[in-house]
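Hello,

Here is the structure for you to look over.

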Number of protein chains: 2
Amino acid sequence: MSATSKGQNKREALVKATIKLVNNNGFHATPMSKIAKMAGISPGTIYLYFENKQNLINQVYIEVKASFSDFAFMDYEEYFSVEKGFEKIWKNIAVFKLKEVEEAMFLSQCDNTPMIDEPSRKEGLKHLQPLLDLWVRGQNEGIIKQVSPYMLYAFSIYPIAFLMNMQQRELYELSSTHVDEAYKMAWNSIKI
Amino acid sequence: MSATSKGQNKREALVKATIKLVNNNGFHATPMSKIAKMAGISPGTIYLYFENKQNLINQVYIEVKASFSDFAFMDYEEYFSVEKGFEKIWKNIAVFKLKEVEEAMFLSQCDNTPMIDEPSRKEGLKHLQPLLDLWVRGQNEGIIKQVSPYMLYAFSIYPIAFLMNMQQRELYELSSTHVDEAYKMAWNSIKI
DNA sequence: AAAAAATGAATGAACGTTCATTTTAACGTA
DNA sequence: TACGTTAAAATGAACGTTCATTCATTTTTT
């Protein structure tokens, strides 16, 4: 095995361990030593891949956010109708949040916490453009409500995070019927 | 000034300081010494009011949650029509989240973080019953969608937290027009 | 003068980070 | 292939700092 691919493995292991431990304990309550142990390497080795703890968390955030965005626009094409396009993206996001729970919870924690620095936050926001574009198109076609994209996001996408949270705390079971219900409510809240 | 009321003041100062510092730095990155300093007392004195740091944060969470709930049901009466009742509660919550930003951000961080222990989380959840009751009544009257209260909450109440977040990060300005828009979207998403 | 409240220096444990040392991989030569 | 040499990667004990918590002492109240 080449040094590079071995390096990739350790980096990957570090990222995975960070996500899991931060989910369970929070950023400042997960020591580098534990991250190292869970990744199966020595504490010192972390610093071959990341500058320091803050940099580690920022990088992990950016990467998870990117992977989320990739997932969100999987199989989405710009020539889709506004309604079909939205359905595709919404359901992608729902699948991600309900199946990739570790990553989704990690993002949710990062987004509601001062643990990520501002540049990395900005970096993570870049990828959502296609959805914004879709909404503008929908507004031009008279299909989507003429309100700020923040409003559209708040009422159609953001609720998924809450459902994920409840599902995770085992307060609520989201069957595929429920997901369909939820999608209808989401679409209903943004369509004219 | 009596010893009791002085004690209350110190306790209050501690609670306020905790909220502010945890908002800015996160739970584990706010030392007891800083909380004490901001509250204008000595570190040791904290332990006259709270068992330890975990207990402090749990208590603050429970109290802020209670104050949020009180605010949510201010001027609400059970004899209100479902629509009027929901509007009252929704707008109360909106005012709280947009005006009492410190407390709202604190709750948002607590709810997305492992910093609060499970019993305190449960404790904080108790107060929302009147809203659930209202929804059940609305469902019986055929006004409110026949879906889980989690779903109703996700699509009508939870979005306010996102708008608060954006407002706080100065990415979005929520005028009273926007609040009305948002209310209509919320009502629209739960009514049949 | 006694009791209650508050103090803040001291304690010991935990953590992020470093770096001298060891281990592993890569390469060149015969 | 086998061996010796060099470079790269990884290690983990040690360092310095920070922090939650305690308690002997001081200050305030009764």
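The cut-offs: a residue is buried with 20 or more other C-beta atoms within 10 Å of its own, exposed with 12 or fewer, and partly exposed in between, with C-beta atoms placed from the backbone.

This is a predicted model, in which local features need pLDDT of at least 70, side-chain atom pairs count only at pLDDT 80 or more, and totals for chains, interfaces and linings use all residues. Residues are numbered from 1 along each chain as its sequence is written, while chains are lettered from A and ligands numbered from 1 in the order in which they are written.

B:Asp75 has a positive phi of about 65 degrees, although it is not a glycine. It lies in the loop between helix H4 (53-72) and helix H5 (82-99) of chain B. In chain A, A:Asp75 also has a positive phi, near 65 degrees. Its loop runs between helix H4 (53-72) and helix H5 (82-99) of chain A. A:Asp75 counts as exposed, because it has 8 C-beta neighbours inside 10 Å.

Next, the fold. Chain A has eleven helices and zero strands. Helices (H or I, at least four residues) and strands (E, at least two) are DSSP runs, numbered from the N terminus. Of the 192 residues of chain A, 35% count as buried. The C-alpha trace of chain A spans about 55 × 35 × 35 Å along its principal axes. Two residues are in contact if their C-beta atoms, placed from the backbone, lie within 7 Å. Take the contacts in chain A with a separation of 6 or more: 69% join residues 24 or more positions apart.

Now helix H4. The 20 residues of H4(B) should span 28 Å at 1.5 Å a residue, and the end C-alpha atoms are 28 Å apart, which agrees. The expected span is 1.5 Å times one less than the number of residues. Buried residues in H4(B) include B:Leu56, B:Val60, B:Val64, B:Lys65 and B:Phe68. An α-helix has 3.6 residues a turn, so residues three or four places apart point the same way.

In chain A, A:Lys65 sits in helix H4. It is buried, because 24 other C-beta atoms lie within 10 Å. Leaving out residues up to four places away in sequence, A:Lys65 touches A:Leu107 and A:Gly124. Its C-alpha atom is 9.5 Å from that of A:Arg121, 56 residues apart along the chain.

The largest nonpolar core has 100 residues. Such a core is a set of buried Ala, Val, Leu, Ile, Met, Phe, Trp, Tyr and Cys residues joined through C-beta atoms within 7 Å. A:Ile93, A:Leu163, B:Ile93 and B:Leu163 touch the most other members. B:Ile93 touches B:Ala72, B:Ile157 and B:Ile160, again not counting residues up to four places away in sequence.

Last, the interface. 30 residues of chain A contact 30 residues of chain B. On the chain A side, helices H1 (3-25), H6 (101-111), H9 (149-156), H10 (158-168) and H11 (176-190) each supply at least two residues. That side divides into 18 nonpolar, eleven polar and one charged. Here Ala, Val, Leu, Ile, Met, Phe, Trp, Tyr, Cys and Pro count as nonpolar, Asp, Glu, Lys and Arg as charged, and the others, Gly among them, as polar.

Best wishes
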